[in-house]
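The following exercises are to be worked through with the sequence and the coordinates at hand. Each task is followed by a solution in steps.

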Amino acid sequence: MTDTSPVSHNFIRQIVLDERAAGKHGGRVATRFPPEPNGYLHLGHGKSICLNFGIAREFGGSCNLRFDDTNPAKEDVEYVESIKADVRWLGFDWSELRHASDYFEVFYLCAEKLIRDGKAFVCDLSADEVREYRGTLTEPGRNSPFRDRSADENLDLFRRMRAGEFADGAKTLRAKIDMASGNINLRDPALYRIRKVPHQNTGDAWCIYPMYDYAHCISDAVEGITHSLCTLEFEDHRPLYDWCLAQIDLANHPELVQPLVDAGFKTNVSTPRQIEFARGNLDYTVMSKRKLMELVRDGLVAGWDDPRMPTLSGVRRRGFPPAAIRTFWERAGVTKQNSTIEFSVLEGCVREVLDANAPRRFAVLDPLKLVITNLPADHAETLSFPNHPKNEAFGTRSVAFSRELWIEREDFMEVPVKGFHRLVPGGEVRLRGVGIVKCTDVEKDASGNIIAVHCTLDPDTRHGMPGAERKVKGTIHWVSARHAIAAEVRLYDRLFNVVNPDDDSDGKTYRDHLNPDSKRIVRGWLEASFADAEPEAAVQFERLGFFVADRHDHAPGKPVFNRAVTLRDSWAKAAGK
RNA sequence: UGGGCCGUCGCCAAGCGGUAAGGCACCGGGUUUUGAUCCCGGCAUUCGCAGGUUCGAAUCCUGCCGGCCCAGCCA
């Protein structure tokens, strides 16, 4: 796997470098990507994937894929499969595939230890009561009336919680820390709750489930993770992460990990360090799981992999190559600063990798007939074109040429604007690979619409003739009308028409900013040589953009292409379009 | 008189006491049978602001200002 830009410096790489130099963890580097299987992965997850797998790869370490499945009410196997596929597509492979639920027995044993050590207690307060006791951001909380139960009583109660003797929500296991802490996460946070819900991985084996803060740190430690990378909002949770690991002290209590050994899992207990970095946001897009979920659920898009979605499966279907996503996140950097990257940076990465890797073809998406009047009606010839302007390895192809062609309607202007250097009445333009053509006539229907343009081809300028050197202002592409293959072409644009769809300060929500023109379907004409492309094959339709054969709908005899991105267009920009 | 974090060019981002990298965007110019690609050049006397320490500060200290996160039995 080769990406186009060199790695840049960032604070996490620096920490890893420093710690290795200091001999921490014996120089070993182990990370993990820990998604909750409750939705599809998006570009933001892509950042975390590139970071975690990238750091591991860079330092010869390991990176696990771990499903953070501690809340069965929200999770589903559909998501675990899509997540695995997306990580692989992005170009990464995990060292070990794990589930937090693989460790449920360990979590349980650790909880009993906490109880025996007087560090946790079973609390009978209801959710509402807990909230009241918690205090506020500026006022301390109060101790739960159940905080001083004996270890024996707590142990008994906790075992009965596991046995299913109590109703959902009736009791929780809470850490005994400090109800007056300025950090609300330390005000006796819940460690376990009762949920009589079947679990996606463990079925009905459990009715108590661990909370994130409790499960995550132990999972990391048990997997031997050295650097636990997560996003900024967990900064406040780090003291709890460290507290749990310090109290449990896995390193000196191997019996707590025995269930894993018995189950055949490799373990290598570590004291991981949590490091937080900023999420990656993109302008003109929403990235929250909730909003993406709503777009899908409410049919505002065609599914999780709609090419307009910022999901990994969406950009994949759109035709963004995985190398472009990797380059993008490398280029964006990793810091603790909240930021929103311009979408054009991503598009630039897409163009960069596609320019080097996509063969060229001709296609006309908004056809206007062009008739070469000085060619016989049955004129037929085959022209040869290189498939890539800068890379001969792409080879050449044959393209049928005849008297009647399709050209892009946009490439002809009866009344040209200043600076327009394509075809105009009486003017000349080069037909790519053919020669220079002069417009002699414009054919219109009864209502004045232009039906066709008539041209004469200057034989001295045919490709290969000395006269072909003659300069003309413009070159346009074409496709032989008689030979062209019809294809469905989907033209995508940004899903939202405002820079920050999340901003609802004006009373409008992201739904009010959906771009009605984000998807346009047209029938285009393709030169025959690409109609049988494989699904997901990338191509540049010259002068139009980079396209991809649709992953699901494209088939031999039924070509369907998605536009990934247009070519940079300084003319469109100059013309103020 | 809650806690945590962050402020370097339009957008990202290096920089770690020795006198502001790079990318994207933008503006010029060159090459070009894709108005693409490619190539050259330009683009922060200044690092949120104000003081202080120092021969020297984006880098250290103090105080302001601005922004983000936290009161799920979510992750």
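**Conventions.** The model is predicted, so that local features need pLDDT of at least 70 and side-chain atom pairs count only at pLDDT 80 or more, while totals for chains, interfaces and linings use all residues. Residues are numbered from 1 along each chain as its sequence is written, chains are lettered from A and ligands numbered from 1 in the order in which they are written, and side-chain values use heavy atoms, with hydrogens and water left out.

**Exercise 1.** Describe the protein surface around RNA strand B.

*Solution.* 
Step 1. A residue is near the strand if one of its heavy atoms lies within 4 Å of it. There are 66 residues around RNA strand B, and His9, Arg195, Lys390, Arg422 and Arg568 come nearest.
Step 2. Divide these residues by class, with Ala, Val, Leu, Ile, Met, Phe, Trp, Tyr, Cys and Pro as nonpolar, Asp, Glu, Lys and Arg as charged, and the others, Gly among them, as polar. The surface has 18 nonpolar, 24 polar and 24 charged residues.
Step 3. Of the RNA atoms within 4 Å of the protein, 66% belong to sugar or phosphate, and the rest to bases.
Step 4. Examine polar contacts (pairs of N or O atoms within 3.5 Å; within protein, one must be able to donate a hydrogen and the other to accept it, and residues adjacent in sequence count only if both atoms are side-chain atoms). A polar side-chain atom of His9 is 2.7 Å from a phosphate oxygen, a side-chain N or O atom of Asp355 is 2.8 Å from a sugar or linking oxygen, and one of His237 is 3.4 Å from a base nitrogen.

**Exercise 2.** Determine the strand order of the open sheet of seven strands and identify its edges.

*Solution.* 
Step 1. Strands (E, at least two residues) and helices (H or I, at least four) are DSSP runs numbered from the N terminus; two strands pair if DSSP finds at least two bridges between them.
Step 2. The order is 12-25-26-27-23-24-13, with mixed pairing. Strand 12 (360-361) and strand 13 (363-364) each have a single partner strand, so one side of each lacks a neighbour in the sheet.
Step 3. Strand 23 (485-492) and strand 24 (519-526) are antiparallel over eight bridges, and Glu488 stands opposite Arg523 in strand 24.

**Exercise 3.** Locate His25 and Tyr284, and state the phi of each.

*Solution.* 
Step 1. His25, in the loop between helix 1 (11-21) and strand 1 (30-33), has a positive phi near 55°. At 21% relative accessibility, His25 is partly exposed.
Step 2. Tyr284, in the loop between strand 10 (280-282) and helix 10 (289-297), has a positive phi of about 60°.

Key:
Buried < 20%, exposed > 50% of the residue type's maximum accessible area, 1.4 Å probe, protein only.
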